[in-house]
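Please open the model in your viewer and keep the residue selection tool at hand. The stops below proceed from one selection to the next.

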Amino acid sequence: MSEIRASGSTSATTSVSAPVALVTGGARGIGLAIGRWFLARGYRVALLDIDEATLTRAVAEIGEAGGSDRSGRSGRLLAVHADVSDPAQVEAAVAQVDAAFGRIDALVNNAGVAVFKAIGETSFAEWRHVMATNLDGIFLCTQAVVPLMQRGGCGGAVVNIASISGLRASTMRVAYGTSKAAVIHLTRQQAVELGNAGIRVNAVAPGPVDTEMARLVHSAAIRRDYHDAIPLNRYGTPEEIAEVVGFLCSEAAAYVNGQVIAADGGFDAAGIGLPTLRGAATGAATGTTGA
Ligand SMILES: NC(=O)c1ccc[n+]([C@@H]2O[C@H](COP(=O)([O-])OP(=O)(O)OC[C@H]3O[C@@H](n4cnc5c(N)ncnc54)[C@H](O)[C@@H]3O)[C@@H](O)[C@H]2O)c1
């Protein structure tokens, strides 16, 4: 197997034949877990993020965990500092990945921001910020990566991270929920058109997951409500979302295209539900009620 010394911020030798995954919003949370998933399975990984300090820390930590060089970087890992909502930065970022690794097999459009405010309190600037990151970012990154996927002749896989808020409306999510609903439709548009080029596009819609984003916008009361409404009675973990994303990028999902998988502990399946009936069902299941 031939070896190259990758350019950019990578430093050790790595195999040119190993597949490459680009994960946006990869500095922390769900994106970082997805990056780790790919690394653990032999992929070369580019983590892209707007937050350079957190990105640098994440790459250093992974490098230490992998026992790579003293700068904390491994030849299979590339840090890309860019804003997914800026067309010029996205072009430059994809060119950086191309120069370092020479191909992209999987793109995970994970970068996202949340503003949880009522309709009357959401400023136009906040609305635009959410749309620019969550929706424009996916449009731009996919558009920039597709030529690389086509160039290799083997196609590729794109996974867009939507949200349960894109499947169900709720209060305080006029911008966030609308952006994620649009991501779901964008996924289908991309799947239908890019399927012809052998590029599969699917979406994962996580329920609440314990990350910085969730900690920022979920109060203690909201956390209690989520526990009550989710059949599995808990938040998900970034690693559980990464498993679903990884499956969709793998050969095991070779005939899956244009789908949305809710990884949400049953939240979407349950609908709103009635607290009293939920309580009765739980009691019956555990034998504590005869009702
Ligand atoms: N945490 C949850 O409960 C939850 C639920 C459903 C969906 N999601 C979605 O999962 C994805 C990841 O969320 P998370 O919880 O890990 O959030 P997070 O805030 O911990 O991580 C998001 C990452 O995206 C980066 N980012 C933000 N704007 C960017 C931009 N313009 N360009 C490049 N990078 C940018 C951030 O710097 C950060 O590192 C998001 O799309 C989010 O909407 C999260």
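Select strand β8 (199-206), in which eight of eight residues are buried. Here a residue is buried if 20 or more other C-beta atoms lie within 10 Å of its own, exposed if 12 or fewer, and partly exposed in between, with C-beta atoms placed from the backbone. Helices (H or I, at least four residues) and strands (E, at least two) are DSSP runs, numbered from the N terminus. The side chains of I199, V201, A203 and A205 point one way from β8, and those of R200, N202, V204 and P206 point the other way.

Two conventions apply throughout. Residues are numbered from 1 along each chain as its sequence is written. The model is predicted: local features need pLDDT of at least 70, side-chain atom pairs count only at pLDDT 80 or more, and totals for chains, interfaces and linings use all residues.

**The sheet around β8**

Strands β7 and β8 run parallel and are joined by six bridges; two strands pair if DSSP finds at least two bridges between them. N160 stands opposite A203 in β8.

The bridge partner of L107 in β7 is V158. Both faces of β6 are covered: A106 and V108 are buried on one side, L107 and N109 on the other.

Next select β3 (20-24). Strands β3 and β6 are parallel, with three bridges between them, and V23 stands opposite V108 in β6.

Now display the whole sheet. What is the order of its seven strands? The open sheet runs β5-β4-β3-β6-β7-β8-β9, with parallel pairing. At the edges stand β5 (77-81) and β9 (260-263), each with a single partner strand, so one side of each has no neighbour in the sheet. From one strand to the next, the twist averages 20°. Axes for such angles are lines fitted to C-alpha atoms, for helices over the stretch in contact, and angles run from 0 to 180 degrees between N-to-C directions.

V45 stands opposite L77 in β5.

**Helices on the sheet**

Helix α3 (residues 87-101) packs on the sheet and touches β3, β4 and β5. The direction of α3 makes about 160° with that of β5. Two residues are in contact if their C-beta atoms, placed from the backbone, lie within 7 Å.

Select residues 29-40, helix α1. Its 12 residues reach 17 Å from the first C-alpha to the last, close to the expected 16 Å, where the expected span is 1.5 Å times one less than the number of residues. Of the 12 residues of α1, 10 are buried, so the helix is largely enclosed by the rest of the structure. Among the buried residues are I30, L32, R36 and W37. Just after α1, G42 takes a positive phi of about 90°.

Then show the ligand. Which residues are closest to it? They are G25, G29, G112, T211 and M213, in a shell of 30 residues; a residue is near a molecule or strand if its C-beta atom, placed from the backbone, lies within 6 Å of it. The elements that give two or more residues to this shell are α1, α4 (124-152) and α6 (212-217). The shell divides into 13 nonpolar, 12 polar and five charged residues. Ala, Val, Leu, Ile, Met, Phe, Trp, Tyr, Cys and Pro count as nonpolar, Asp, Glu, Lys and Arg as charged, and the others, Gly among them, as polar.

**Individual residues**

Select V130, in helix α4. V130 is buried, with 23 other C-beta atoms within 10 Å. Leaving aside neighbours within four places in sequence, V130 is in contact with V113, V115, A175, Y176 and S179. The C-alpha atoms of V130 and V115 are separated by 7.2 Å.

Proceed to M172, in the loop between β7 and α5 (174-194). Its phi is near 70°, a positive value in a residue other than glycine.

Finish at N233, in the loop between α7 (220-229) and α8. Is N233 buried or exposed? With 12 C-beta neighbours inside 10 Å, N233 counts as exposed.
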